[in-house]
Amino acid sequence: MSRIPVCRACLALPEPLSAEFFCVSCRTPFHNGFPLDREGRCAVCRSGLRGFDAAYSFGAYEGVLRELIHLYKYSRIRTLARPLAGLLAAALPRDERFDALVPVPLHWRRQWQRGFNQSELLAREIRRRTGIPVIRVLKRVRSTPSQASLAQSRRRSNVATAFQCRRIVWRLHGKRVLLIDDVMTTGSTAASCAFALKRAGVARVAILTVARADRRMDAGHPVAADSMVGGSV
């Protein structure tokens, strides 16, 4: 009997994110190339507000993939870490080398309530597949409201000073780091983590997530509550 309460057919349903136009840095999908400059970068990346150097995601945060992530996080089905990490591995760039995997941390209170950090379990699975070490160098020093409860304009300020690096960050000076998280919405959390790492001397920061919000689908509208388990990230 499987330890995962989801059939194989449903686990195989999520499809890779597809679009004709992507930002070359943050991989945000667009309906057309108008928001991109000649180098293929969107306005946010051109302004330097992203913090991270590249972003990779498997699929869009909707449908079955969204339900699987919610089961994993909110229903605490930890065994879903392995199949979700398989999707992460599929999105992992083959032409980049990384020195360390760094999971996006939870505030200790939220981790205590949930019982685990979903990003850390995913990072461990990627380590098992790639051999890249996991280094818990980031810490969340300030508890913040859920990003889902905030307007897009407030998400960046919500997490701007929420992350700091531990003393062991010297091990990553001049290195290439891959941040691991489950979902990227506006990129505010990833940017805050990246800024903290770069201030500590990390040379390059990329973000790898299972899913990302597709702003082509819900631009200007909040993400609706999930029909299976409720809530949003």
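A polar contact is a pair of N or O atoms within 3.5 Å, and within protein one of the two must be able to donate a hydrogen and the other to accept it. Keep in mind that this is a predicted model.

**Exercise 1.** Find what the side chain of Asn117 reaches, and decide whether Asn117 is buried or exposed.

Solution. Start with the location: Asn117 sits in the loop between α5 (108-114) and α6. Next, look along its side chain, which reaches the backbone nitrogen of Ser119 at 3.0 Å. Since a polar contact requires N or O atoms within 3.5 Å, that distance passes the cut-off. Now turn to accessibility: the relative accessible area of Asn117 is 5%, so Asn117 is buried, the limit being under 20%. Leaving aside neighbours within four places in sequence, the residues in contact with Asn117 are Val104, Pro105, Leu106 and Gln111.

**Exercise 2.** Work out which residues Gln118 is in contact with, leaving aside its neighbours within four places in sequence.

Solution. First place the residue: Gln118 belongs to helix α6 (residues 118-130). Its relative accessible area is 3%, so Gln118 counts as buried. Then list its contacts beyond those neighbours: Tyr72, Lys73, Leu106, Asp181 and Asp182. Two of these names, Tyr72 and Lys73, are also among the buried residues of α3.

**Exercise 3.** Check the span of helix α3 (residues 63-74) against what its twelve residues should give.

Solution. The expected span is 1.5 Å times one less than the number of residues. For the twelve residues of α3 this gives 16 Å, and the end C-alpha atoms are 16 Å apart, so the two agree. Next, ask which parts of the helix are hidden: the buried residues include Leu65, Leu68, Ile69 and Leu71. After the helix comes Arg76, with a positive phi near 60 degrees.

**Exercise 4.** Which residues touch the most other members of the largest nonpolar core?

Solution. The core has 37 residues, and the answer is Leu80 and Leu84. Elements giving two or more residues to this core are β3 (54-60), α3, α4 (81-91), α6, β7 (176-184) and β8 (204-212). Of these, α4 provides the largest share, seven residues. To finish, follow Leu80: not counting residues up to four places away in sequence, Leu80 touches Ile4, Val6, Leu11, Leu68, Leu71 and Tyr72.

Terms used:
Residues numbered from 1 in each chain as written. Predicted model: local features only at pLDDT ≥ 70, side-chain atom pairs only at ≥ 80, totals over all residues. Heavy atoms only, no water. Helix = DSSP H or I, 4+ residues; strand = E, 2+ residues; numbered from the N terminus. Buried < 20%, exposed > 50% of the residue type's maximum accessible area, 1.4 Å probe, protein only. Contact = heavy atoms within 4.5 Å. Core = buried A, V, L, I, M, F, W, Y, C linked by side-chain atoms within 4.5 Å.
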